[in-house]
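Work through the exercises below with the structure open. Try each task before you read its solution.

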Amino acid sequence: MTDTAVDIRSVRKVFNAGSAHPVTALDGVSLNILDNEFFTLLGPSGCGKTTLLRLIAGFEQASEGEILLFGQRIERLSPHERPVNTVFQQYALFPHMTVFDNVAFGLEMLGKSKSEISSRVGQMLELVKMPEFASRKPAQLSGGQQQRIALARALAPHPKVLLLDEPLSALDLKLRHAMRSELKTLQRETGVTFIFVTHDQEEALTMSDRIAVMSNGLVQQVGSPTEIYELPVNRFVADFIGRSNFLEGQIAGMSGSKVEVEVAGSRLELETSDRHSVGERVTLVLRPEKIALKAQLNGGINGKILDTMYLGTDTSYTVKLEAGPELEVRDQNGLMGSARFKVGDAVSLDIAPNAARVIQG
Amino acid sequence: MMRSATIKRWLGLSPALLVIGLFMVVPILIVIVYSFLAKDPYGGVEPQFSTEAYKQLLFERDFDDTLLFSTVNLKIFWRSVWLALLSTLLSLVAALPVAYYIARQPESRKNTLVLLVTIPFWTNLLIRTYCWILILRDTGLINGLLQRIHLIDSPITLLYTNGAVLLGLVYSYLPFMVLPLYASMEKLDMKLLEAAHDLYANRWRVFRRVSLPLALPGIIAGCILVFIPALGAFITPQLLGGGKNLMLGSLIQMQFGASRNWPFGAAMSLVLLSFVLIALLIYARSPAQRDGNLI
């Protein structure tokens, strides 16, 4: 069984409490972050993800609730008493110290011996592939290099949990992509629990073991990247992660793990693991790449191509359904790379039983 | 082509160079020359080379013209230096929390508070120092108040003491300490303090290892801005220190007035100037300067 690294229990955080304009940043969040896990807090800005990270680090105090670190309650401890370290968004390297002194800072504060500090710093600089930069000042480093030093500095004191506050957002696109796999490797090599905050869904999907999707101070869903993408629990998650089409429908019948949904003037048989009742209003989440387009019309959902967009590997079609709504459909381009349909073509939508996700409301 | 660009540059600089030359270099040269001339008993100098003024710094001439070592002037130098140092230190201690507080305020409030710090400059220093006399003298505000609440029976001597001079100096030069301190603290990134705190540094160590070193350029600039004028101050020690608590500034002023000993005044001015230069040299060699973090 895996240990729980961070246990967050019904945590609420209200800023300006008691003033005329209290702001509820976290509205009862409970999370179980496992040891040796790459855990991501994902959500739009203002969703409370950074506040949650700052609560774990100790920069903010929770208004209500408990935070446990490997079974120990830490919510009353000051940041310097918590065995967690943070990688800041703008790195926050000490400008008056060399790279070596920056990385050594935490170890020095912990009262480690000179020899231990110097060997550990060397080891950390080796880990982030920057051993030759020890005597430089932060101002002499590029953004990517500063990022690595910030990582080395935070990892040097052997934190039980590493907190990363949008650490890639200040880097340019190419570097950001390179750092993703590096971060993932670093996590695997060090075995430290990473709690990573981002608003970038692609970052979250590519790096995380598990993701908590947050909005409005609440955790909407916790799951592996696949679960989050394939089985979103509500419209917010489906909309925030990847691209989705939403179709309103009604449950018309049930048999075993399948439900019959009346949607867009047609009936679809779909798989679901959730309980539904006949007559219930539901929303179908249809990922653009999971809908197949066919030239032959049938009794199912028919429509007309309204617009096409060539995307290299795929073509994106906007399909106007006979029943009214418009859908985005992605079709992989063939060997010759040409799109199969053109604007004005009549098409039918082929939706497999496991291609759509049925959610309540 | 190159030449005309050079000429243009010098032409642009010439007003500044002219002012510096006429009002700084030439007067200092005059002071140097005067310090090596003989005094005219009615004021002014006699065109005759003499090192008498410099001898007078440390020696007294006896009736039979022999030189006797005298500590009178040394004592005044010493008092000036330690009063200036102490007022610098007190200003620093008083200004640190003020500057820190202002730097942590929201943007809109910062400017108002900085403006408040500069309010004393709106009134002449002489008038403000006279006000201190009214407050400190035997029949003044403090003594009157203490007597009224029967804490003391007879007035305690506040005015014409070293303490009064110190108070006056700190009062006069405190804004010069607050402003550069504020400037360097305002630039301080809160994230750096959080990072240090996160890396197991307690409040004191965060201050010692991060806040203080980063605020150092401001601290040094503030210390120089207080120490230099405090060392040469003469209004404050004159008015609050009275005759027996002379400082360098008053002593120099006296040589050009009542004592009519211009060469000696000039020599002392040069001594004061060298003190200031030494202070600036220390600043120039400070680590903050080397790193180019000058304010």
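**Exercise 1. A helix in chain A**

How many residues of helix α1 (residues 49–57) of chain A are buried?

Solution. The model is predicted. Start with the cut-off: a residue is buried if 20 or more other C-beta atoms lie within 10 Å of its own. Apply it along the helix. Of the 9 residues of α1(A), 9 are buried, and the helix is mostly covered. The buried residues include A:Leu52, A:Leu53, A:Leu55 and A:Ile56. A:Lys49 and A:Arg54 are buried too. Now step past the end of the helix. A:Gly58 follows α1(A), and its phi is positive, near 105 degrees.

**Exercise 2. Chain A as a whole**

Describe the secondary structure of chain A, its extent and its burial.

Solution. Count the elements: chain A has 8 helices and 20 strands. Check burial: 40% of the 361 residues of chain A count as buried. Finish with contact order. Among contacts in chain A with a separation of 6 or more, 65% join residues 24 or more positions apart.

**Exercise 3. A helix pair in chain B**

At roughly what angle do the axes of α4 (residues 107–118) and α7 (residues 162–186) of chain B cross, and which residues make the contact?

Solution. Read the geometry. The two axes come within 9 Å and cross at roughly 155 degrees. Angles over 145 count as roughly antiparallel. Therefore α4(B) and α7(B) are roughly antiparallel to each other. The crossing is left-handed.

List the contact residues. α4(B) brings B:Val114, B:Val117 and B:Thr118, while α7(B) brings B:Pro175, B:Val178, B:Leu179 and B:Tyr182. Sort them by type: 6 are nonpolar, 1 is polar and none is charged.

**Exercise 4. The interface and its confidence**

Which helix of chain B gives the largest share of the side that touches chain A?

Solution. Count both sides. The contact takes 15 residues from chain B and 16 residues from chain A. On the chain B side, α8 (190–198) and α9 (203–232) each supply at least two residues. The largest share, 6 residues, comes from α8(B). By type, that side of chain B divides into 8 nonpolar, 2 polar and 5 charged residues.

Close with confidence. The predictor gives the complex an ipTM of 0.82 and a pTM of 0.78. For chain B, the mean pLDDT is 87, and 96% of its residues reach 70 or more.

Methods:
Residues numbered from 1 in each chain as written. Chains lettered and ligands numbered in written order. Predicted model: local features only at pLDDT ≥ 70, side-chain atom pairs only at ≥ 80, totals over all residues. Contact = placed C-beta atoms within 7 Å. Helix = DSSP H or I, 4+ residues; strand = E, 2+ residues; numbered from the N terminus. Nonpolar A, V, L, I, M, F, W, Y, C, P; charged D, E, K, R; others polar. Axes fitted to C-alpha atoms, helices over the stretch in contact; angles between N-to-C directions. Parallel < 35°, antiparallel > 145°, perpendicular 65-115°, else oblique. Left-handed = near helix turned anticlockwise from the far one by under 90°. Buried ≥ 20, exposed ≤ 12 C-beta atoms within 10 Å, placed from the backbone. pLDDT = per-residue confidence, 0-100.
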